[in-house]
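Subject: Structure handover

Hi,

Here is the structure I promised to pass on to you. Have a look at it first, and then read on for what turned up in it.

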2 protein chains.
Amino acid sequence: MSTLFLRTLREDPADAELPGHKLLVRAGYVRRAASGGFTWLPLGHRVLRRVEAVVREEMDAIGAQEVHFPALLPREPYEASGRWTDYGDNIFRLKDRRGADHLLAPTHEEVFTLLVKDVCSSYKDLPLSLYQVQTKFRDESRPRAGLLRAREFVMKDSYSFDVDDAGLAAAYARHRAAYWRIFERLGLPVVAVSAVSGAMGGSASEEFLHPSEHGEDAYVRTEAGYAANVEAVTTLPPPALDAAAIAALPPARVEDTPDTPTIDSLVAVANERFPREDRPWTAADTLKNVVVTLRHPDGTREPLVVGLPGDRDLDAKRLEAAVAPAEVEPFEAAGFAAHPGLVRGYIGPTALGTASSTGVRYLLDPRVVAGTSWVTGANEPGRHVFGLVAGRDFPAAGEEGGDGAIEAATVLAGDPAPDGSGPLQLARGMEMGHIFQLGRRFAQALGLQVLDANGKLVTVTMGSYGIGISRAVAALAESGADELGLRWPRAVAPADVHVVAAGKDDAVAEASEALAAELVQAGLTVLLDDRARVSPGVKFKDAELLGVPTVVTVGKRLADGVVEVRDRSVDGDGARTDVAVADAAAHLLALVRG
Amino acid sequence: MSTLFLRTLREDPADAELPGHKLLVRAGYVRRAASGGFTWLPLGHRVLRRVEAVVREEMDAIGAQEVHFPALLPREPYEASGRWTDYGDNIFRLKDRRGADHLLAPTHEEVFTLLVKDVCSSYKDLPLSLYQVQTKFRDESRPRAGLLRAREFVMKDSYSFDVDDAGLAAAYARHRAAYWRIFERLGLPVVAVSAVSGAMGGSASEEFLHPSEHGEDAYVRTEAGYAANVEAVTTLPPPALDAAAIAALPPARVEDTPDTPTIDSLVAVANERFPREDRPWTAADTLKNVVVTLRHPDGTREPLVVGLPGDRDLDAKRLEAAVAPAEVEPFEAAGFAAHPGLVRGYIGPTALGTASSTGVRYLLDPRVVAGTSWVTGANEPGRHVFGLVAGRDFPAAGEEGGDGAIEAATVLAGDPAPDGSGPLQLARGMEMGHIFQLGRRFAQALGLQVLDANGKLVTVTMGSYGIGISRAVAALAESGADELGLRWPRAVAPADVHVVAAGKDDAVAEASEALAAELVQAGLTVLLDDRARVSPGVKFKDAELLGVPTVVTVGKRLADGVVEVRDRSVDGDGARTDVAVADAAAHLLALVRG
């Protein structure tokens, strides 16, 4: 440490948000180089490379073969797949000196597909899994949360190629198992949750989330084992009524409800002026109609109204996932001016839908089944309609004549799990990995076919699998941190042992150097704090901050022939063991080799 | 090889120029993914990573510490150093979604400087050397020559930081020694040549060139050990005449020389119509004035005339280096129209120079010393002047009143070496590494100062050192190739041993698998050609093409208890040794471990 390029900080950096990221900066593992861009300093770089090594070993173990593509790619293949446009503002685009369009690729499905098309021609060349460990780029709208949301990051992305669905399922299962082993070896707790695949298309898809209150991803789970990210949660709708039951419902009636532009004000007025006999009106009886603007990848904009029970809000992520690749923007006053049929605060189903007077597209929450009866806007200022029945007065969710259903309402704790496994619990996590069964989308777009056993050309089916390597370092920092500093799992720590020379006399310096040398000789990596002008107190604080799992203090007790071994993974002051100098190396070797 | 992602090609790829690059593509090591962009396939990726490992080990051995910066960097630090503009069209620039300017950094002097400024404050923190292994980007005007001139490539760049010149010299020497060790370990012959540092500024600078007829860099050398790239060669001018001798020279006279727009035609007419008594006129007697356009980094353009002896041409690289960061463009007809004082084909010194009637800048070859007498243009159509004397009729090279001298003429074999070590020989090479003493340019521009031992702030002095890692793979391919295929040095080969199962019977398959397993068990990497439907002939051809240094054939002779071991590094058919099956593993281990 007397020559290590390191300056630890006692104060939290101003621009860091998450506790673990603050520690990574304070401990000199990373440093901000640009918005969303980080420099890996020597200790951080070691951790990053150890994570990489674990990922590579497990990829190799399932027979995936490592390759490496350029990050800077021409527009054409991404044009062919549609992603040049679909990515919107989320990728970096640039022109070369000749004016040709390029992108910094966030993932490489297109060019892997083209490569395999170039090399493979027969089912005998498959199954095949290829991977790369690569620096990726993404033009994040809000680069923040340190390494978790960087604009430049390290990822392992792999791709599987099979002739049939069974092959794809097997490749997916192999990757899934490898991912579990990777997170297990990294010492990083994760849950696998069902995921929609968003812009990637495809069928089966799971995310590996590291549960954390600081996570950017919301997910749900049940005691019985169901788990999904909120985008993937599907609604269990209530039973619909049959035609006879619907016919028996009382007719809708329009009432004056002045000054009720919000659900709360509407419920209050309804209970005050139009009370119901059996039970009071609640927000769940109202049908809220929220207007947003969709911006399509080609730049065109369109208003969209989402109808949902008034006790729920739109969930931004579910809505985004549901309308992707379009992006959601607020619907501004100018929009209302352009669509006079949309009466702000009093919008109702009878003026909504592409077949309606306004022609504005209208998507309904799946709970709005045939026979449900609603208090909702009457499309006149200050008026609402009571008893408006889906499937009678307007098309129910998904019913013919309507524009369809949408999964965009907030998921609430206690909602029933779609698989019937009980009430949902809400949680947050950090996305660490993602596995997709892509299917044939990319192979079709780019013409990847091989001859099958019968000599017939068949389109290849693909999977795509990613692990965030720099994100894993960030999550490990978050998950291990305590009030004293970082705590690294042994598998990825920047050193096996941190030897602190605590004291000024030569005996301390000599003994600590001899111990370090003996450990290095035995194949361990050692961080030796040999700084001459630094006090033992500062050295201890730095050792706690840096988080090497085993810290050995060579200090005052050396006169008694004893060094102190401390296990940084144990909470608080940690487990301290006195060990005889003569036994120290053997003791530490046993500890490290577990 | 039955599962390896590999398809070897019998035909040369259409888009490859160099023999080694053709073999890399044919042998499935790399594949073109875009203009100047290459994909590393499994075998190529292994070689690349082995080269990386050697470079890392030698960097670590001189105490350099590994870090990793983003490739995508904001404009500001490069603006502060002036390189945002100086790089001209050679870098990729892009805007993020907020419109902020970024570049894909080709080298990282600025941000290393800023990082060290952030972390170090005292001379006690120095000396310091930092390095990274990184994917770099450069918008090559003519991406070609395969990996040697890619737009995306892997480089090791390192930077040294010292308080004084002696420290910088020591850091430079350490890097220089490490580079020699690296190329030695890689088995790549190089020469170190003096280099001008171009846009980087600074004092001492050397390039490591791999001598090769396919190299893009011309360099010179003498038997006595002088070596420099052509940009760095300085001219030994002839002795100048003193004032008295100049006064004794006959006066200049203008002659009609119709239809002599070229040097050849001028020499012919001069000998025919104005013969000289002692010897005939030659091109060396004429002063040729070549007009080019300089485009400055800020986009402005300026005409420039270079005057040089008529027996030499302008050397594009020397001219580029001499005028950098300006770029050279042709001077077109429109330019002559805009400058009527420049009489095409008959331009002469008396109408040239910023102080002249045309005001056009005029730089002279250093050979145009005071007292040299020239046949040159008279600035009238069809007329030349004879006996125009530098230092009398126009300012000699570098003389007051003129615009200065320029090193831009071709270097010819036999020219005297600037260090007096004899006549120059010309050679070509591939640039593999480059070491610079940058000095204080970047530290000054970005304010990197530390306290010295006396508590005074001093500006840090820096060095910058690069090795092209992907270029090294390319050069190794070129240097090792023979008519049969690639030949890798043992240190970087994709496998230690290539075992060919040559034959269909089970005994061959079993014996080759057993041998491979035994070698892997002993720690070797083995490429096993276990392809069932491929003939021995094809397997042999592929083994030759792939270039693993040791090839073992398990085939017909197995019945006699013998396998054949072939040394691919030996020319032609190579050295073949028969080895008893029982001894094969031990024999191969000894071979590999040397």
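Let me start with one strand of chain B. From strand β25 (residues 526-529) of chain B, Val526(B) and Leu528(B) point one way while Leu527(B) and Asp529(B) point the other way, and all of them are buried. A residue is called buried if 20 or more other C-beta atoms lie within 10 Å of its own, exposed if there are 12 or fewer, and partly exposed in between, with C-beta atoms placed from the backbone. Helices (H or I, at least four residues) and strands (E, at least two) are DSSP runs, numbered from the N terminus.

Before going further, some housekeeping. This is a predicted model, so local features need pLDDT of at least 70 and side-chain atom pairs count only at pLDDT 80 or more, whereas totals for chains, interfaces and linings use all residues. Residues are numbered from 1 along each chain as its sequence is written, and chains are lettered from A and ligands numbered from 1 in the order in which they are written.

Back to β25(B): strand β24 (residues 497-501) of chain B pairs with β25(B) in the parallel sense, over four bridges. Two strands pair if DSSP finds at least two bridges between them. Val497(B) has Val526(B) as its bridge partner in β25(B). Together with helix α13 (residues 506-521) of chain B, β24(B) and β25(B) make a right-handed β-α-β unit. Right-handed means that, with the strands pointing away from the viewer, the path from the first strand over the helix to the second runs clockwise.

**The sheet in chain A**

In chain A, five strands form an open sheet with mixed pairing, in the order β25-β24-β26-β27-β28. Its edge strands are β25 (526-529) and β28 (575-580) of chain A, each of which pairs on one side only. From one strand to the next, the twist averages 20°. Such angles run from 0 to 180 degrees between N-to-C directions, and the axes are lines fitted to C-alpha atoms, for helices over the stretch in contact.

Which residues of strand β26 (residues 550-554) of chain A are buried on each side? Thr550(A), Val552(A) and Val554(A) are buried on one side, and Val551(A) and Thr553(A) on the other. β26(A) pairs with β24 (residues 497-501) of chain A in the parallel sense over five bridges; Val497(A) has Thr550(A) as its bridge partner, and Val500(A) stands opposite Thr553(A). With strand β27 (residues 562-567) of chain A, β26(A) runs antiparallel, joined by four bridges. There, Val565(A) is the bridge partner of Val552(A).

Helix α15 (residues 581-593) of chain A lies across β24, β26, β27 and β28 of chain A, running at about 135° to β28(A). For the other, recall that β25 and β28 of chain A are the edge strands. Helix α13 (residues 506-521) of chain A packs on this sheet and touches β24, β25 and β26 of chain A, its direction making about 165° with that of β24(A).

**Chain A as a whole**

Chain A has 15 helices and 28 strands. Its C-alpha trace spans about 95 × 70 × 50 Å along its principal axes. Of its 594 residues, 48% count as buried.

**How the two chains meet**

How many residues of chain A are in contact with chain B? There are 41, and they are in contact with 41 residues of chain B. Two residues are in contact if their C-beta atoms, placed from the backbone, lie within 7 Å. The side of chain A that touches chain B divides into 22 nonpolar, nine polar and 10 charged residues. Here Ala, Val, Leu, Ile, Met, Phe, Trp, Tyr, Cys and Pro count as nonpolar, Asp, Glu, Lys and Arg as charged, and the others, Gly among them, as polar.

Chain A is superposed on chain B by a rotation of 179° with 0.1 Å of shift along its axis (RMSD 0.2 Å). The two copies are therefore related as by a two-fold rotation axis. The superposition is by least squares on the C-alpha atoms of residues with pLDDT of at least 70 in both copies. Of the residues of chain A, Leu94(A) comes closest to the rotation axis, with its C-alpha at 2.7 Å. Both copies use the same surface, as 100% of the contact residues of chain A recur in chain B.

**Backbone details to check**

- Ala324(A) and Pro325(A) are joined by a cis peptide bond, with omega about 5°; Pro325(A) is in the loop between α9 (316-323) and β16 (327-330) of chain A.
- Asp259(B), although not a glycine, has a positive phi of about 55°. It lies in the loop between β13 (253-256) and α8 (263-273) of chain B, and counts as exposed because it has 10 C-beta neighbours inside 10 Å.
- Asn379(B), also not a glycine, has a positive phi of about 65°. Asn379(B) lies in strand β18 (residues 373-380) of chain B and is buried, with 23 other C-beta atoms within 10 Å.

Best wishes
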